[in-house]
Each structure stands twice: as C-alpha cells, then as structure tokens.
Amino acid sequence: MSSGSSGSRSSRVPRRGFLAVGAALTAVVTLSACGAKTDAAGSSSDKAAKIDVSGDTVKVGLLNSLSGTMAISEVTVRDSLKLAIDEINASGGVLGKKIKPISEDGASDWPTFAEKAQKLIKEDGVAATFGCWTSASRKAVKPVFEKNKSLLFYPVQYEGLEESPYIFYTGATTNQQIVPALDYLKSKGLKKLYLVGSDYVFPRTANKEIKAYAKANGMTILGEDYAPLGSTEFSTIANKVKASKADAVFNTLNGDSNVAFFKEYKSAGLTAKSMPVVSVSIAEEEVKSIGTQYLAGQLTAWNYYQTTAGAANAKFVKAYKAKYGQDKPTSDPMEAAYTSVYLWKAMVEKAKSFDPEKVKAASDGITFDAPEGKVTVDGASQHVYKTARIGEIGTDGQIKEVWNSGKPVKPDPFLKGYSWASGLS
Amino acid sequence: MNVLKGRSVRAWAGFAGAAVLLFAIAPLALSDFRLGLLAKYLCTAMVAVGICLAWGRGGLLTLGQGVFFGLGGYAMAMHLKIADAGPGNLPDFMQLYGTATELPWWWKPFENPAFALAATVLLPMAVAALLGLFIFRRRVKGAYFAILSQALAAALAIWLIGQQATTGGTNGLTDIQGFFGYSLDDPVNQRMVYFVIAAALLLLMAIARQLINSRYGELLVAVRDSEERVRFLGYDPANVKLVAYVVAAGMAGLAGALFVPAVGIISPALIGIVPSIEFVIGAAVGGRASLVGAVLGAIAVAWAKTALSEEFPAAWTYFQGLLFIVALAFLPGGLASLAVLVRRRKAVERKTAVIPVGEAA
Amino acid sequence: MTVILGQTFTGISIGAVLLLIALGLSLTFGQMNVINMAHGEFIMAGAYTTYVLQKSISSAGISLLVALPVAFLVSGALGALLEWLLIRRLYLRPLDTLLVTWGVSLMLQQLARDIFGAPNVQTRAPDWLTGNITVIGGDDPLTFANSRLFILGLAVAAVVALSLTLRLTPLGRRIRAVVQNRDLAEVSGISTSTVDRTAFFLGSGLAGVAGVALTLVGPIGPTMGTNVIIDAFLVIVVGGIGQLKGTVIVAFVLGVLQSVLEYSTTVSVAKVLVLVAIVAFLQWRPQGLYTLRTRSLV
C-alpha cells in the first residue's frame, strides 16, 4: 500500500519523465553534435591530430584564462598574441596562408584548460596552440598535447625541470631568471634571504632551487612562507619578514597577492633601501595595478622590459599601444607570447610544412629579432636562449634595467650545468 | 495495482529508451572528443542524482558535494597513479616535488585496486556519515548547513594544495595513463570508459528511483515538508536525513572516481566552493525534485558551459549567469516544471503539436 | 613581547577587515536570511568607486573620504535594485537565493572586466595612511600601520552607526519587528517590502564602504569579492544569525586566531585549522555564539 496511494503525487514526474529523457537527451546530443566543426578530424584511429589546412587559412589556438582569477594576467597575453597574428597576416601570412586565431577561455580552471586544448586540437584542427600561464594549467594540458602530437607554445617564465617534446617554452627557465637574480643579490652582498611565495608548483619548486643555490653559495634562508593563490591578507607575513631582519626578500607570489603583500610591506615600514624585494612575477602590468608608491626602488628579474633598447622593441611597444590604448604597458610574458608566434612562423617556413613533427625538426637554431633582443631556439630542449635582465622599478611605473647577462643565456631547464643543483631532479 | 504496473512499464520503457540513446545513438553520432565531453557531463549528472535525493526530496542544502566528488576522485586517481608508476616506483610528481623515497603511509592501501575502488564510494560515505551524525542530531539546518558545507569544501581544497609533495598541490593528479591495465590513450578504451559511466548513471538513477518510491522516500519528503510533524509521529528525522545525505555522498564519490579516467585529471579546482555550487545549479535548473529533471539539468548546464564558452570565449559568463538567474528565479521547479506545464496545457487544449521538451535547455 | 603585541594588533586588524566585510551581511543574511553571493561584488563596486573618484579628484586623501559616502550609495543602490528585481521573489527559498545571486555575481564580475579591463586597477593611498606609528621603539620596534588603524576606526564607527540605527530609529524598530515576526509586523501596518528593501540598501551600502577600505590593503580587481565572501559568511554563521554582538566578537576572535596560527605555522595551515575549528564549533553550537530566540518552531 505504501508506495501505491501516497506515492502517486511524488512519482508522477519520474514516471512520465523517462519519456522526456529521450527527447531531451536527443536534443542535447544533436545540439552538441552540431557544435562540432565539420572540418574536425573525425575518426581518431591515427593518433596524431589532423591539421586543418584546407582553404587559404591556417588555424591556431589561443588558450588563455579570460575569466576567473587568472584573467588579470592572461588577457594581456591573449591581446599580445593577437597583435602578432595581425602583423603576420598583414604581411602575407605563413606559407601563403592567413592565420585564423581561435580563442578559448581556460577560465582559470585546470581541467577546463585540458578540455579546451582537446577541442582546439581535435575539433578545430589547429596547427599550434599558444597560451597557458600557471604551471598547473601547463601540467594539465601537457598530456593532451603529447597524446595528440600537437604543439603548445608556452610564453611564461616557469620553474624548469620539464621538457615536453610537444611544448616550446618561450619564457625563461630558472637559469635565465632566478639563478641570475641570485647571482645579482650575491654580488651586492645580500646574503640573508627570506622567501615568500604563492602556494603552488612554481614558487615551491623555485624555492627548492633557491635553497640549493644558497647552500652552495654561503647564503642563508631565514624563512619561507607560502600563501594560497588569491590570498590577500599579508600582515602576518610582513611581520615575520620584518622580524627576520633579512637582507632581501625573494618574492615568487603570483597575481592578486602581490598587491596585498606590497601594501603591507610598506605599512610595516620596510622599504627598498632597508630590505629590497626581488620579484619574478611582477612586470609592468602589475606595477601599474599595485602603484609606484609601494613599489618604487624594488627589483625584478625578467628578460624584457618596456624600456629595453632596440628598434624591434620600439616597434612592438608602438604597435601594441596603437592597438590597445596608450596607457597599456607591455611586459615580459606579453613579449614572449608575441615572439612565440613569430618563432612558430619561422619554424613553419623553414620546414615548409605545418606538420608538428617537421616543425619540431626545423626548430633548432631558429632566430628572431625579438623586442627583448635576438632570441634563438635550442632544438634539443625546445627552450629559447634569452638575455637575463635585472631591473629596478622607477617612480614613473617603468622598470629600468640595472644589470644584464650581456649575451643570451643557454636554456638549462634541469640545471645540469650547475653542480649545486645535482640533487634536484 | 494496475496503476502501479503501468507506471513501472513506462519506467522500464524510459530506461530502455535512455539506454539506447546512451549506448547506441550517442556513440554513433558524436566524435570521440564530444563523447568524452558527454562522459564528463554524465559524471556531473551522477552527482545530480544524489542532489535530487538529498536536496530535492530531503530539503538538505548540499553545498559541499565537491568534497565527496573530490574524495572519490582522489581515491581513484591515487590508485591509477601508483599503477602507472609500476611496482616499487613513486608516482612521477612525487619524484619531482617530493623528498620521500617511498610511498607515504596513507597512499599505501590505495595500491590495492579493490581497496581503492571500495574507497571511492565508502570514503565519501563515511565522511558524510560522520559529519551528518552531528549536524542532523543538532538540528542544524538551512543556511547554517550550506555555509558549513562550503567551509569544509574550502578547507579540503586548501589542505590538498598545501601538500604538494604528496597530493600534487594545485596541479592535482594529472597525466593518468592507464585504467586497470587498459591504456587510456586508446580511443576504444576511452569509449569503454564512457559506457561504464553511462551504465553507472542509469544504475544510480534506478537506485534513486527505488528509494524515492519506497516508504523511505515518502518519509524523506515528509521530513522536508514538515520536520516537526514527522518527529511528533515518532520518527527520528535525523536518521532519515542522514541516509539521504550519505547516499548522495556515495553517488558523488562514484562520479568523482569515474571522472578521473574520463578526463585524466583530478585537482583541488574540482573540490572548492565554485564546483560545489555548480553541481547544485545543474540539478536546480533541471528541477531538483524530479530525478529526470535533475539529471537532464546537470547535463544541460554542463553542456551549455562548453557550448557558450566555445562560442563566446570572452562573454560567456554573462550568458551563464543569466541562465542561472532566469531558470532559478522564475522557474522554481526548474525546467522539469516546464514539462509539467506543457503537459497540462496539452491535456487541456488537446493539441497534437509536438513540443520539444529538451530544447529549453 | 613585541611579537605577541604585534601579532595581537595584526589579528585585531584582520578582524576589523572581516568585521567590515561581514557587517553588511549581518543585515542581509543575519536579519533577512538572504544568502547573497553578490555581496562580494558590492564590495568590488565600492572599490571601483574609489578608483573612479580618484580620476577626477587629484588629492588621494580627499577622494578616499569622498568615496566612503559615494560608495555607500552606489553599492546600496545596486543592492536595492537586486532586491527589487530578484530577491523579493525568493524570500522563501534561501538556497535558490544563493544560486541566483551566484549568477548575478558572475555577471557583475564580467561587467567589471569589460568596463575597467581584466587587470587590477590602482588607487593611490594618501601619505598619512601609508606609514606607521611606532608604539615601542628600540631595536625590535612595535609599529601599528596607519591604514590598519584607519580600517579599525572605520569598522568601529560602522558598527556603532548600525547598532544605533537598529536600536534607536523608527526604521531600526521596523526592521527588528519584521525580523522577529513578519506577519505580525505586516498586520501592524508596517510595509514589510519597503523595510526589506531599505535593509538591503543599508547592508549592501556597508559592503561598498568595506570596498573603499579594502583598497588600502588589497587588490582592486574583478575577482576581489570572491576572495573574501566566504570568510564573511562564516563570521555571521559562527556569530549567530541576527546578532550584531556575535558578529563583532567572532570577527575579532577569528582574526586573532588566524594571525596567531599564521605566525606559528603557515598561511595555508592556519586557514585550514581555522575552517576546521569553525566546523567543529558549529557541531557543538549549531546556532552560533548567540542565538536569537523567537517563538517560531522553524
């Protein structure tokens, strides 16, 4: 009796509902099938992704977070990629084909990055993909690119210890940014360091390397603190840093946290003179959003500044501002992204093919007169020779170079050329 | 009796129809990539089945389903990572970030596939039972329960992120190669994973339907509608709620476990507050109290997210937000109530025109 | 000794920030039982108001002071609009309110991104707010940050203003009447819908004020609201819904707890411990620190 009489009201929906399952599932299924592009690689019995080169265009994917917490940084990279693509199209394209960018939103969510990477490769048939910012997003898409034998150009400085056969790393690896920064601090006699970073892969791995360096070079690490990504409460960390009486702070914070950290740093009475901070994730864009009243005099380590001399940079800065606004600064990740498109173009032209295997084979020794100076691709590691630069943030919001490595540094992602790093990987 | 019979016949017909769709039509109609996405949507639908039970039927504000989904997912992924590494080796990320030379003690049991599989469901259920036991006895309800669940989701996510050497930190567990000996690289095996997920979803729906139509199901609705009266009748509402909560947690755990081979990644990003809210939204948009509505809603919302973000990468959150607002503020029963409405009008007007039910999604 | 004093002050200042962001919620969530996830975006609106005002008022100090009332009005108006458009339809469905306002918050974030750009924006703090006061000098000085003192003062002022409004004004009496017994208030001739909207205006306006204060210590960007919103809800829940007293005490207790744990462990561990402590506390006292006793069974 129980389920008969009184259950009739509640079970009405499920009963008839099963018919609706059919109707609606069909709708969902057919709709998503319609969403698929007709030129997609249909059956994937052969594992390498098919590249769509039909017609007079070639597609490339732009995979950046346009929403969520990382959008603050990644949108500028997308803009910069688009600038490079426009320039290349204006001068005739690649192998006679115009580049058609397909932009996807990684939404600051790593599984979404993996989903969109698959979509770009399998549905759109892109020849290469440009983007990703955080190491977590790169780690999430790495297997996707490797399984489908498709190329990713990753434009952000990172923690090293990685070499994927299907990723080109156009940002700095550790020996082109962090190691030179440590050398610089050592040369200035700043030997007692405090490490502050966001709680994720890049800062934790970078700090592991910094500690190994410090041990071998007679420097001491007085403390190490991590804050969750997006954390904006830094008064305690500022207190700890202050109490440590370190010579300098090595800062691997990312995103929003930097703003809160530097505001607190100043409130605690610490200055660039009393305890300089070397940052590896603060570029012109971040300087603009934090404010020079908090940052003037602090140090940064990069491979490019808006002030870097040279005709290529003057042209890049002018083109960027003309396209996106006079008040928009250019920064290292934007420059590395811009450069990555040109490097891909040069590789494709040398290989005379969009095929990833041929592009990879042609990559060694490709050079480009980039805004940061001449860069060369190292085919073995698929990283790029880059000039390391230490800069000081000025009161005008620009970063002034105070030291550079003189010539492009050979990329060494596993730090094999450094004896102190032998136990790291 | 006849009514009962007719209903179960129709239910079976519905099940059969859904099975044909999921097992025959979808694999034929969709590319491998889209089928993989559908597998992912079906995982969220499995969570929605539990939410329908606990929230739609029991009135519990289940805003922490991400916790259970994540526990199931990590349990499965830990086993698969150990299996990928092979006997005696450490999973790749531990070699990279960790200093340990052997597996941490709390990883060791997951080396055993039977333990890991059982843990994907039992671990979330145990956590839910522990939590629910206190909460429902204390008669915590409504907003308190919702916020408390969110606090728990946030705490688990932050903890996982902090333990990079043993949990992979923000990265989560990525690059999962095999699934009990089958390479996930092979499209045929990916298809198998999809079939497993589809079958699991149908199974969970059958279980939920049985529960809903049972005496317990009626008691659950009674607790939702008037807890005090049920108490005065001599039942203990706390136990009734606890069962629904624990079952929902188990379903979310299973969904998380199957999500791992389908997508190849589990990360704290799937555990925190945002995913927990997204799970609930799918069920709410479809119709929380209707099993079919909740499942279809979850699939539709997940699909809409993909489709909108592919079409409008820079503005899709407007549409997503708008969808939530319109569906929830103006259709309290979700899209399922549209179907009821349509049916009523059809009965009244006796029109023969076919109204596409699913397209409203 | 200076460490203990310093950390206590830090804890109190963290508590003051928490209190300020939670205060508006104590009205909308605590009194009216509306889980408004877009509250964080009202905070964001307050912060962007400061940014816009600084573009037209060159003096950082004056623009900050002007921003306080303007942000109150801007966020308050947004809140009243939200109440009129959506929330009034949802008073009987608390979780639906949460989901609907979640949708609103997604849209407001995207709107901010489209209007002000995706990167964070910058506001200048006046010089008198960037320094610090030395309380104990010497080799290991104890200093209090001016910006933190300002926020503390602002939080105290806001609490006093809110509790006086609730206690002494006719509006406050009406709000309390509606909270305690809506039907009886209605039959006594109080327009409950007007009271709801006014209370929502006040609560959201306070979020705007909090936004102005946050420009002194944190980033100003599209996702700044989501960073703080859950903490704010927790303060209300632990304090006891409908109890201003509970909110104030809990904000400061959680602030000090966070800062002490942070100092002795790490930020992540401290955060997890605080959250676990909250969950445990609610197991023990599910209604929060203070409970509002009403006659209703529910």
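A definition before the interface: two residues are in contact if their C-beta atoms, placed from the backbone, lie within 7 Å. This is a predicted model, in which local features need pLDDT of at least 70, side-chain atom pairs count only at pLDDT 80 or more, and totals for chains, interfaces and linings use all residues. Residues are numbered from 1 along each chain as its sequence is written, while chains are lettered from A and ligands numbered from 1 in the order in which they are written.

Take chains A and C. Chain A puts 37 residues into the contact and chain C 33. On the chain A side, α4 (71-90), β7 (220-227), α9 (235-244), α10 (256-267) and α11 (284-290) each supply at least two residues; helices here are DSSP runs of H or I with at least four residues, strands are runs of E with at least two, and both are numbered from the N terminus. The largest share on that side, seven residues, comes from α10(A).

Now chain B. An automatic or database assignment gives domain 1 (1-30) and domain 2 (38-295) of chain B. Over C-alpha atoms, their centres are 26 Å apart. Nine residues of domain 1 of chain B meet six of domain 2 of chain B.

Last, confidence. Chain C has an average pLDDT, the predictor's per-residue confidence from 0 to 100, of 90, with 98% of the residues at 70 or above. Among the elements of chain C, the mean is lowest in strand β1 (residues 132-136), at 86, and highest in helix α2 (residues 39-56), at 96. For the complex, the predictor gives an ipTM of 0.91 and a pTM of 0.89.
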